[in-house]
Amino acid sequence: MKNNINNINNIPSIFNFNSIRNIITARISQIRHFQKFIRIWRRYKKNHDFPIFLQLQTINRCNANCPMCPYAATTAEGALQLMSTEIFKKIIDEISTRKEVELIVMSFQNEPLADKNIIDKALYIKSVAPHITLELVSNGYLLNPSIANSIYDVFDAVELSIHAVKAETYKEVLGGLDLEKTLENIFYIGKSKYMRSKTVLRFVKQKSNADEYSHFKKFWRRNGFAVLGFDLNSRLHAVKDYENLKYRDRWFQTLEVKILKTISPLFFPFCPIPNSAMYIRSNGDVVFCFNDWTEDNILGNVNNNTIYDVFHNRKMTDLRQRINSNSAFESDICKKCDLYNEGVYLTF
């Protein structure tokens, strides 16, 4: 497996025909990825009846302990929760009746492959709601060759959070995981044009890995993988030591951040999440934002309510109205959001 580490250290030449072809393929895959979200966000001002984008957590566990993530200090301290098959099918059956739903992401504040039945659940979604795009977001560590083909047969898109080129950086950023094992999985995926075309490799830029991003982009794009890099955010001030994790400390970098903050309202006059999305935890709780790791802002629970009812309950509609009119209370979680308020979402 050491060959995988050696391989990633050697960037293919840009003057190689295969490299050029792979870069074009990777760019096309990346454009397709963005089109999916652009299609959703274009509707965010008009949509008020039912979420068009949902993230589902079927198990509240992760195999990593990333410094940029609040998992260790929040979810990991609670009891293991696996979404029951009954509740899962209840959720999906309701979604299947709504033609406006475009995307389900089988990942939310967890590592979805920790759920051993994730493939069966994905197959159920496709059996009752084939019109919906189905996406998996994973760190890729558990995506070994024995399940890779089955995963790619059912999921329309797979995003893998890698964040590093060097083994020591990977171990630090991914909270102790082994880069060699993850690379074995990715190189297996890379052998298949079909699987590669569905894959986006993610890189969250921070102080410990920012100097590896250029190498990361070049290597993987020249091997045919779409790449998406963006700055970390504070997850509503839940990330410990966030100020020391940020890498933009030079004058021109801080100027870039100020520019992004200024132009952010030109793209989205208000956050698109309230009108467009729903985030459901494994115990059925619905929270307002994917960045909210607390238990303080539960909007409802789909165990005893429908998605429609939660989406239209008083707590959610009041909060939605405040966000849509840019009049959030100081106590609203949105006041802590640097992803939108500081324009971090524009750093990709």
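**Buried side chains, salt bridges and the nonpolar core**

Tyr345 is buried, with a relative accessible area of 19%; buried means under 20% relative accessible area, exposed over 50%, and partly exposed in between, with a 1.4 Å probe and protein chains only. The model is predicted: local features need pLDDT of at least 70, side-chain atom pairs count only at pLDDT 80 or more, and totals for chains, interfaces and linings use all residues. Residues are numbered from 1 along each chain as its sequence is written, and side-chain values use heavy atoms, with hydrogens and water left out.

Tyr345 lies in the segment after helix H15 (338–341). Helices (H or I, at least four residues) and strands (E, at least two) are DSSP runs, numbered from the N terminus. Tyr345 and Ser264 are 81 residues apart along the chain, yet their C-alpha atoms are separated by 8.6 Å. Their side chains are joined by a polar contact of 3.0 Å. A polar contact is a pair of N or O atoms within 3.5 Å; within protein, one must be able to donate a hydrogen and the other to accept it, and residues adjacent in sequence count only if both atoms are side-chain atoms. Not counting residues up to four places away in sequence, Tyr345 touches Ser264, Phe267, Phe268, Leu339 and Tyr340. Contact here means heavy atoms within 4.5 Å.

Arg222 sits in the loop between helix H9 (213–221) and strand S6 (226–231). Arg222 is buried yet has no salt bridge. The nearest side chain of opposite charge, Glu212, is 16 Å away. A polar atom of the Arg222 side chain does lie 2.8 Å from the backbone oxygen of Pro12. Leaving aside neighbours within four places in sequence, the contacts of Arg222 are Ile11, Pro12, Ser13, Ile14, Asn18, Ser19, Asn22 and Ile23.

Helix H2 spans residues 17–41. Its 25 residues reach 36 Å from first C-alpha to last, close to the 36 Å expected at 1.5 Å a residue. The expected span is 1.5 Å times one less than the number of residues. At the start of H2, a side-chain oxygen of Asn16 comes to within 2.7 Å of the backbone nitrogen of Asn18. The buried residues of H2 are Ser19, Asn22, Ala26, Ser29, Gln30, His33, Lys36, Phe37, Ile40 and Trp41. An α-helix has 3.6 residues a turn, so residues three or four places apart point the same way.

A salt bridge is a side-chain nitrogen of Lys or Arg within 4 Å of a carboxyl oxygen of Asp or Glu. The count comes to 15 salt bridges. Lys121 pairs with Asp115, with the closest N and O atoms 2.8 Å apart. Both Lys121 and Asp115 are buried. Glu243 bridges to Lys246 at 3.1 Å between the closest N and O atoms. Glu243 counts as exposed because its relative accessibility is 54%. Lys246, at 30%, counts as partly exposed. Lys205, Asp231, Arg248 and Glu256 are linked in a network of salt bridges.

Helix H14 (residues 314–324) holds both Arg314 and Asp318, four residues apart, about one turn of the helix. These two form a salt bridge, their closest N and O atoms being 3.0 Å apart. Arg314 has 64% relative accessibility and so counts as exposed, whereas Asp318, at 25%, counts as partly exposed. Thr317 also lies in H14. Thr317 counts as buried because its relative accessibility is 17%. Beyond its neighbours within four places in sequence, Thr317 is in contact with Phe311 and His312.

The largest nonpolar core has 102 residues. Such a core is a set of buried Ala, Val, Leu, Ile, Met, Phe, Trp, Tyr and Cys residues joined through side-chain atoms within 4.5 Å. Ile91, Ile151, Phe155, Trp220 and Ile280 have the most contacts inside it. Leaving aside neighbours within four places in sequence, Ile91 is in contact with Leu56, Met83, Ile280, Val302 and Ile307.

Leu236 is found in the loop between S6 and helix H10 (242–245). Its phi is near 60 degrees, a positive value in a residue other than glycine. Leu236 is buried, at 9% relative accessible area. Asp241 is placed in the loop between S6 and H10, and its phi is near 60 degrees.

Terms used
Lys and Arg count as positive and Asp and Glu as negative; His and the chain ends are not counted.
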